[in-house]
Amino acid sequence: MNLKGLSLLASVDMSLAWTSLSSQRRRYSPLAASNTVEFSKYEGLGNDFILVDDRDKEAPSLTPEQSEKLCNRNFSVGADGVIFALKPPSSDYDFTMRIYNSDGSEPEMCGNGIRCFAQFLKDIGADGKRGRFLGFWLC
């Protein structure tokens, strides 16, 4: 199914809007048109994730609460989690990865998420030669 040109407006305690930019890339607006987040959605061995290119930021562009609402399958895009590609803390890394589960919590580890993250970086042309990234997990 080609989702090109599809747009959806729903309300879950805040305005949610997403519009298609291509068959994979979408734009999400948690509150206003000036506050949008472009994202892609990937599936890895049965788990689906929303991926956000925040490589120009040190912190995710969505809060855990906003991510939870975006992951709601009944009123929004729906996913098992949101994964952010962030600016690395030092030149030792190419990226930082941060994950929020569909309930807003942060997982210890997410193998299928890492699989989707690697493909996402390749698809946006950011896979780099070293491929070193720092992930935040609770241990």
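Residues are called buried under 20% relative accessible area, exposed over 50%, and partly exposed in between, using a 1.4 Å probe and protein chains only. By this scale Phe84, with a relative accessible area of 0%, is buried. The structure is a predicted model, in which local features need pLDDT of at least 70 and side-chain atom pairs count only at pLDDT 80 or more, while totals for chains, interfaces and linings use all residues. Residues are numbered from 1 along each chain as its sequence is written, and side-chain values use heavy atoms, leaving out hydrogens and water.

Two aromatic pairs are present in the structure. Rings of Phe, Tyr and Trp (for Trp, the six-membered ring) pair if their centres lie within 6.5 Å; planes under 30 degrees apart count as stacked, over 60 as edge-to-face and the rest as tilted. Tyr42 and Phe120 form an edge-to-face pair, with 5.9 Å from centre to centre and 80° between the planes. Tyr42 belongs to strand β4 (residues 37-44) and Phe120 to helix α2 (residues 111-123), so this pair ties together parts that are 78 residues apart in sequence. Helices (H or I, at least four residues) and strands (E, at least two) are DSSP runs, numbered from the N terminus. Both Tyr42 and Phe120 are buried.

The other pair brings Phe84 back into view. The ring centres of Phe84 and Tyr100 are 5.5 Å apart and their planes stand at 70°, so this pair is edge-to-face. Phe84 lies in strand β6 (residues 81-86) and Tyr100 in strand β7 (residues 95-101), so that distant parts of the chain, 16 residues apart, are linked. Tyr100 counts as buried, at 4% relative accessibility.

Strand β4, which holds Tyr42, also takes part in a hairpin with β5. The two strands run antiparallel and are joined by six bridges; strands are taken to pair if DSSP finds at least two bridges between them. Within this arrangement, Lys41 has Ile50 as its bridge partner in β5. Two residues separate the strands of the hairpin, where Leu45 takes a positive phi near 50°. This is a positive value in a residue other than glycine. Leu45 sits in the loop between β4 and β5 (47-54), and at 63% relative accessibility Leu45 counts as exposed.

Asp54 is placed in strand β5 and is buried, with a relative accessible area of 2%. Not counting residues up to four places away in sequence, Asp54 touches Ala59, Pro60, Ser61, Phe84, Ala85, Leu86 and Lys87, where contact means heavy atoms within 4.5 Å. Phe84, one of these neighbours, is also a member of the edge-to-face pair with Tyr100.

Charged side chains come next. Seven salt bridges are found in a search of the whole structure, a salt bridge being a side-chain nitrogen of Lys or Arg within 4 Å of a carboxyl oxygen of Asp or Glu. Asp54 forms a salt bridge with Lys57, with the closest N and O atoms 3.3 Å apart. Lys57 is partly exposed, at a relative accessible area of 33%. Lys57 also meets Asp56 in a salt bridge, where the closest N and O atoms are 3.7 Å apart. Asp56 is exposed, with a relative accessible area of 56%. Another salt bridge connects the side chains of Arg55 and Asp53, at 2.7 Å from N to O. Arg55 is partly exposed, with a relative accessible area of 32%, and Asp53 counts as partly exposed at 25% relative accessibility.

Cysteines complete the survey. A disulfide is defined as a pair of cysteine sulfur atoms within 2.5 Å, and a search of the whole structure finds zero of them. Cys116 is in no disulfide, and the nearest cysteine sulfur, belonging to Cys110, is 7.9 Å away. Cys116 counts as buried at 2% relative accessibility. Cys71 is buried too, with a relative accessible area of 4%.
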